[in-house]
Structure formats: structure tokens, C-alpha cells
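I opened my notebook today to look a few things up in a structure. Have a look along with me!

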Amino acid sequence: MDNCIFCKIAKGEIPAKTVYEDAHVMAFHDIAPKADTHILVIPKTHITNLMTVGERDWPVLTHLMNKVNHIAAAQGLEGFRLISNNGTKGSQEVMHMHWHVLGGDQLPGF
Ligand code: 5GP
Ligand code: ZN
């Protein structure tokens with residue numbers, strides 16, 4: 001999608017500190033970390049959020065969820081918090097679905 005910052009990261013048009021990538025999923029460090037470890041996991045295709053998700057999106061989201069624990073473990077985490085903001089009334093700033101993987105002490109958001 002034009003003008004979507006995470007689509008641009010997925011296409012390599014904007015740099016990111018990538019920690020995992022395959023054909024469908026990408027994970028990279030949040031530019032303004034809110035925890036000792038703060039990784040964003042995104043589908044490479046543009047899905048806005050869980051308010052608008054459709055049945056056609058579930059294969060890639062199932063794949064994404066299957067990778068989250070591997071991404072966290074590769075960061076040396078023994079546990080993590082997974083946060084997803086959905087919609088402007090749900091604090092979502094970037095309108096491309098992403099999952100915040102948070103690790104370390106004093107995790108925010110709960
Ligand atoms: P949201 O509030 O939409 O759930 O969170 C968006 C997150 O994306 C924020 O934590 C913010 O720091 C991060 N972010 C925004 N722009 C960029 C960017 O260009 N690169 C990276 N790596 N993270 C970004
Ligand atoms: Zn996008």
C-alpha cells in the first residue's frame with residue numbers, strides 16, 4: 001500500500017534493524033523501544049489491523065504466530081509480552097498490522 005511505512009520496510013525501501021525475515025513475515029527492532037527488548041513482527045502483505053482482518057488473511061497470520069516464539073527465543077528471551085494495538089481508538093499509530101514483542105524487566109502495557 002502506498003505511503004505505508006511498514007509496507008516500505010517490508011519491501012526494503014526504508015531501513016530497519018531486521019532480526020527475522022521470510023517470504024511472509026518480517027521482524028525488526030522498534031525505532032523507539034519501550035522495553036529492554038522491543039521487536040515488531042509484521043505480515044509483509046498489507047493488513048490494517050484485527051478490526052478489518054479477513055478470512056483470506058488467516059494463513060499468513062497463522063504463519064506469523066507460529067514464528068513469534070522463535071523470534072523471541074532468538075533474542076535470548078525466556079518469556080515475552082505480545083501486544084497488538086488495533087484502530088485509532090486502540091492506540092494504533094501505524095496502520096499496518098504489527099505485534100509488539102516485549103521482553104526484559106518492567107514490561108509496559110499491562
Ligand atoms: P502502534 O502504536 O501503532 O502499535 O506502534 C507503532 C510502533 O512503531 C511504535 O512503537 C513506533 O515506535 C514504531 N515505529 C514507527 N515508525 C517506525 C519506523 O520507521 N521504524 C521502526 N523500526 N519502528 C517504527
Ligand atoms: Zn502496509
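What is the order of the five strands in the open sheet? I note first that I am working with a predicted model. I read the order as β1-β2-β3-β5-β4, and the pairing is antiparallel.

Next I checked the edges. I found β1 (18–21) and β4 (81–83) there, each with a single partner strand, so one side of each has no neighbour in the sheet. On average, I see neighbouring strands turned by 20° against each other, direction ignored.

Then I looked at one pairing in detail. I found five bridges between β3 and β5 (residues 99–103), which run antiparallel. Thr37, for one, has Gly103 in β5 as its bridge partner. I also saw that α2 packs on the sheet and touches β1, β2 (25–29), β3, β4 and β5. The direction of α2 makes about 160° with that of β3.

My next entry is on the metal. Which residues coordinate the zinc ion (ligand 2)? I listed Cys4 (SG), Cys7 (SG), His46 (ND1) and His96 (ND1), at 2.1 to 2.3 Å. The arrangement is tetrahedral because the four donor atoms subtend angles of 107 to 115° around the zinc ion. Along the chain, I read the donor spacing as C-x2-C-x38-H-x49-H. Cys7 in helix α1 (residues 5–10) and His46 in the loop between β3 (37–43) and α2 (58–74) are 39 residues apart, and this pair links distant parts of the chain.

Last, I looked up accessibility for that pair. Cys7 counts as buried because its relative accessibility is 4%, whereas His46, at 24%, counts as partly exposed.

Notes. Residues are numbered from 1 along each chain as its sequence is written. Chains are lettered from A and ligands numbered from 1 in the order in which they are written. This is a predicted model: local features need pLDDT of at least 70, side-chain atom pairs count only at pLDDT 80 or more; totals for chains, interfaces and linings use all residues. Side-chain values use heavy atoms; hydrogens and water are left out. Donors are N, O and S atoms within 2.8 Å of the metal (3.2 Å for Na, K and Ca); water is not among the atoms, so sites may look incomplete. Four donors count as tetrahedral if all angles lie between 85 and 135 degrees; four count as square planar and six as octahedral if opposite donors are over 155 degrees apart and all others between 65 and 115; anything else is irregular. Helices (H or I, at least four residues) and strands (E, at least two) are DSSP runs, numbered from the N terminus. Buried means under 20% relative accessible area, exposed over 50%, partly exposed in between (1.4 Å probe, protein chains only). Two strands pair if DSSP finds at least two bridges between them. Axes are lines fitted to C-alpha atoms, for helices over the stretch in contact, and angles run from 0 to 180 degrees between N-to-C directions. Contact means heavy atoms within 4.5 Å.
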